Amino acid sequence: MADHTQALSFGMAAADYDRFRPRYPIEAVRWALDGLEDSARIVDLGAGTGILTRGVLALGHRVTPVEPDPEMRARLDAATPGSTALAGGAESVPLPDGSADAVVVGQAYHWFDRKRAHAEIARVLRPGGTFAPIWNLRDDQVGWVAELGRIARLGDNAGDVIEKYTDFGSDFGAIELGEFTHRATLTPDEMVAMLHTRSYWLTAPAEQRAAIDEELRALFATHPDLAGRATVDLPYRTIVLRARRR
């Protein structure tokens, strides 16, 4: 299980998290929920500020967001008309048995105590329901993106996700893999602000934060693919792991 302090560090940066974190490509969200009828009952677990919630709502489904951090919930409620986040986590979901057609997770599955979370997700899902964690992952095959990850101590990549999570426990069938690409266009200052919403930076000592920021600004000023650019396209691979409840 991931570090609890880091997992609950995002609330202090909720507004910037919601503003600068990348959205999920609609085709990825649609693939995650493939086969569900219109206006299905979806739970967004670890919903954060509602980035994925809004993507699912755009497809016409009903969404119940569940999020443990009160500051993230407040931002979700403010930014997502018609939706109210419930207090709760993956290991204790405040919903009845069999009440969801699908459970989605955006960028949060790696924080879960997976054994306990799988049992809760299976409880909440109807038989045949869908469980689909989704990640936006930087494309580290691009040289400057790999350097960005090294400087900011980001550390997550598609290989980690695909290789690390090979099953969701005995209540679920085999995992299917969906992979999509997209880009987020940001100014260098916005890119730094986005990186300030990462758990490593949020929990680092002040001197370490300052050193990271100095290296980041040097990267944007000197790298041949970035120097002099008013905006930068940050490439992402969106990975979806999808399985059905037995």
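Predicted model: local features only at pLDDT ≥ 70, side-chain atom pairs only at ≥ 80, totals over all residues.
Colleague: What makes glutamine 107 buried?

Modeller: Its relative accessible area is 12%, which is under the limit for buried, so the word applies. Glutamine 107 sits in the loop between strand 4 and helix 6, and its phi is near 70°, a positive value in a residue that is not glycine.

Colleague: Now the sheet. How do you know that strand 1 and strand 4 pair?

Modeller: Two strands pair if DSSP finds at least two bridges between them. Three bridges join strand 1 (residues 41-45) to strand 4 (residues 100-106), so they qualify, and they run parallel. Valine 43, for instance, has valine 103 in strand 4 as its bridge partner.

Colleague: Which order do the strands of the sheet have?

Modeller: The open sheet has seven strands in the order 3-2-1-4-5-7-6, with mixed pairing. Strand 3 (86-87) and strand 6 (176-186) are its edge strands, since each pairs on one side only.

Colleague: Where does helix 6 lie?

Modeller: Helix 6 (residues 114-124) lies across strand 1, strand 4 and strand 5 (125-138), at about 130° to strand 5. Helix 9 (residues 188-195) also packs on the sheet, touching strand 6 and strand 7 (232-244), and its direction makes about 130° with that of strand 6. These angles run from 0 to 180 degrees between N-to-C directions, using axes fitted to C-alpha atoms, for helices over the stretch in contact. Contact means heavy atoms within 4.5 Å.

Colleague: Which residues of helix 6 are buried?

Modeller: Ala117, His118, Glu120, Ile121, Ala122 and Val124 are buried there, and their cover includes strand 1, strand 4 and strand 5. In helix 9 the buried residues are Met191, Val192, Ala193, Met194 and Leu195. What they pack against includes helix 11 (206-222), strand 6 and strand 7.

Colleague: Which residues touch the most other members in the largest nonpolar core?

Modeller: A nonpolar core is a set of buried Ala, Val, Leu, Ile, Met, Phe, Trp, Tyr and Cys residues joined through side-chain atoms within 4.5 Å. The largest one has 28 residues, and those touching the most other members are Leu45, Val103, Tyr109, Phe112, Ile121, Phe131 and Phe172. Strand 1, strand 4, helix 6, strand 5 and strand 7 each supply at least two of its residues. A second, separate core of 25 residues includes Ile151, Leu186, Met191 and Leu219.

Colleague: What makes arginine 150 and glutamate 147 a salt bridge?

Modeller: The rule asks for a side-chain nitrogen of Lys or Arg within 4 Å of a carboxyl oxygen of Asp or Glu. Here the closest N and O atoms are 2.7 Å apart, so the pair counts. Both residues lie in helix 7, three residues apart, about one turn of the helix. By this rule the count comes to 13 salt bridges.

Colleague: How do you know that arginine 237 forms a salt bridge with glutamate 179?

Modeller: Their closest N and O atoms are 2.3 Å apart, therefore within the limit. This pair links distant parts of the chain, with arginine 237 in strand 7 and glutamate 179 in strand 6, 58 residues apart. Arginine 237 is at 25% relative accessibility, so it is partly exposed, and glutamate 179, at 40%, is partly exposed too. Salt bridges that share partners also join Asp18, Arg54 and Arg75 into one network.

Terms used:
Residues numbered from 1 in each chain as written. Heavy atoms only, no water. Helix = DSSP H or I, 4+ residues; strand = E, 2+ residues; numbered from the N terminus. Buried < 20%, exposed > 50% of the residue type's maximum accessible area, 1.4 Å probe, protein only.
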